[in-house]
Amino acid sequence: MRLKQLIITSLSICMLAAGCHAPSSEVKVMTKTELQDKIMGGWAGQAIGCTYGGPTEFRYTGTMISDSIAIEWPEHYLKSYFDNSPGLYDDIYMDLTFVDVFDKKGLDAPIEDFATAFANAGYPLWHANQQARYNILQGMLPPECGYWENNPHADDIDFQIEADYAGLMAPCMPNAAVFYSDAIGHIMNYGDGWYGGVYVAAMYSLAFMYDDISVVVKEALKTIPAESKFFRCMSDVIRWHETYPDDWKTTWALVQENWSSDIGCPDGVFKPFDIDALINSAYIIIGLLYGEGDFGKTMEIATRCGQDSDCNPASAGGILGTMLGYSNIPEYWMPNLREVEDRNFAYTDISLSKVYRMSYDQALQVICKNGGSVDGDEISILCQAPETVRFEESFAGHWPVGTVEVGKAVDEVGELSFEGRGVVVSYRIDRESFGQVSDGTGGPALEVEVYLDGELSQTVVLPDEFHSRKQELYYRYNLADGPHTLSFKSLNTSKEKCIITSYLVYSDKPE
């Protein structure tokens with residue numbers, strides 16, 4: 001029933017022509033130059049933060065980055081990444097997919113246009129994005145493709161790092177930012193995974209309105225339901241900051257102690273690796289709150305929190321960059337940025353210079369659509385009081401209780417037994433002739449039949465190209481809690497083998 005309601009809501013969002021709700025009594029007046037400066041600051045801060053944290057991404061899991069480890073900002077830093085590792089900027093080129101659809105199809109573009117552009121883009125994806133792409137290419141459209149029963153990574157960080165566009169196109173209008181985050185965010189996420197994007201988008205939006213970062217952090221949280229884990233975690237961070245205002249490391253340790261157990265992503269359950277949106281959002285606001293409006297300090301703290309340590313300073317840098325404006329980002333950071341502003345990001349024909357203009361044009365449209373006006377050089381924005389979005393929860397009633405290592409090809413594994421109410425089966429593809437992970441060149445798709453309790457449950461298609469392949473081999477939730485069996489059968493022979501690496505079991509209560 002919840003998924004049916006979500007489908008109706010998301011489809012309605014794409015058909016609505018009216019603006020959003022909850023105007024406040026405040027009208028924000030700024031010039032076109034001021035608006036454009038803040039939008040440019042948002043994109044610039046994101047690009048700088050992503051680059052700054054790039055070398056440490058997921059190198060520090062379950063631990064902060066020691067002060068003894070230098071985080072550098074050498075000359076030509078962005079240019080070096082553009083030349084040699086352009087995939088670093090998935091934080092940005094993912095956003096650009098959605099900005100581009102709005103630009104070409106208008107603000108009321110149907111969700112199918114966004115899903116199709118996302119699924120067929122040339123860039124590689126991982127986690128919730130990769131599973132959503134597979135689902136879409138197999139015919140499952142949003143919001144089903146991001147719903148947790150169809151995507152084990154529903155609570156991952158994916159939409160959180162892609163939601164910047166929504167806040168930048170909705171200055172001072174957090175509900176409009178949420179409006180443009182709903183259907184798109186449910187392409188790949190649900191529950192806490194969606195809330196991460198909602199929260200980031202709302203903070204961007206409110207950064208146009210306030211010049212106190214703590215106000216932005218607190219006001220934006222009003223968009224998140226109080227009964228959610230996400231709200232409780234962010235509220236804890238805000239409270240701990242007030243208790244330990246000069247000690248971000250104590251707050252980090254309290255987050256680690258209370259909120260670091262991932263139950264969704266199979267790569268992070270029972271491991272220090274944590275790509276969950278909840279804890280990485282906590283790191284974003286640790287950076288923002290303890291950074292106290294200082295651009296460099298904000299990015300350093302967000303990075304030193306670890307885990308997804310390029311995405312988190314990218315979000316923090318983008319939000320603070322929006323508040324400060326492009327012209328007020330310290331000059332120390334800018335020469336590296338200016339070297340690449342006219343270069344297209346990988347897999348796109350869009351540069352920073354171009355997206356500055358695209359987001360500005362879209363912001364003017366959203367402002368007018370929501371009761372504001374443009375009169376010559378003066379822009380009047382009807383500010384919005386944040387409204388709380390609906391409650392969602394992924395993996396409700398599911399508790400991970402164990403991982404079983406397998407390491408056998410599907411035709412050699414026989415029958416796997418487990419006791420619980422859910423299971424996720426992980427895999428890899430090996431080249432039979434080389435005994436190594438496939439490089440995705442040539443060869444037909446593998447097809448694997450999966451039998452649950454002796455009955456055919458699913459036929460999985462595994463394209464040779466990882467671009468279009470499933471993230472996990474098989475997953476099922478909401479089973480009758482008790483004993484179950486799994487078995488597998490390959491439908492074709494190939495130079496590649498599907499190796500079952502392990503399976504994760506869920507129970508109806510924590511162990």
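## The salt bridge of Glu-292 and Lys-297

Glu-292 and Lys-297 form a salt bridge (a side-chain nitrogen of Lys or Arg within 4 Å of a carboxyl oxygen of Asp or Glu), and their closest N and O atoms are 3.1 Å apart. Glu-292 is exposed, with a relative accessibility of 53%, whereas Lys-297 is partly exposed at 37%. In these terms, buried means under 20% relative accessible area, exposed means over 50%, and partly exposed lies in between, for a 1.4 Å probe and protein chains only.

Salt bridges that share partners also join Lys-79, Asp-83 and Arg-343 into one network. In the whole structure, a search finds 17 salt bridges.

## Basis of the description

The model is predicted, so local features need pLDDT of at least 70 and side-chain atom pairs count only at pLDDT 80 or more, while totals for chains, interfaces and linings use all residues. Residues are numbered from 1 along each chain as its sequence is written, and side-chain values use heavy atoms, with hydrogens and water left out.

## Two further salt bridges

A salt bridge links Arg-239 to Asp-236, with an N to O distance of 2.7 Å. Both residues belong to helix α11 (residues 229-243), where they are three residues apart, about one turn of the helix. Helices here are DSSP runs (H or I, at least four residues), as strands are (E, at least two), and they are numbered from the N terminus. Arg-239 is partly exposed, with a relative accessible area of 43%, but Asp-236 is buried at 15%.

Glu-219 pairs with Lys-222 in another salt bridge, and the closest N and O atoms of this pair are 2.8 Å apart. Glu-219 counts as buried, at 18% relative accessibility, while Lys-222 counts as partly exposed, at 42%.

## Backbone features

Most residues other than glycine have a negative phi, and most peptide bonds are trans. The peptide bond between Pro-142 and Pro-143, however, is cis, with omega about 5°. Pro-143 is located in the loop between α6 (127-137) and α7 (164-168).

Two histidines have a positive phi: His-76, near 65°, and His-127, about 55°. His-76 lies in the loop between α2 (32-53) and α3 (77-84), and its relative accessible area of 41% makes this residue partly exposed. His-127 is found in helix α6 and is buried, with a relative accessible area of 10%.
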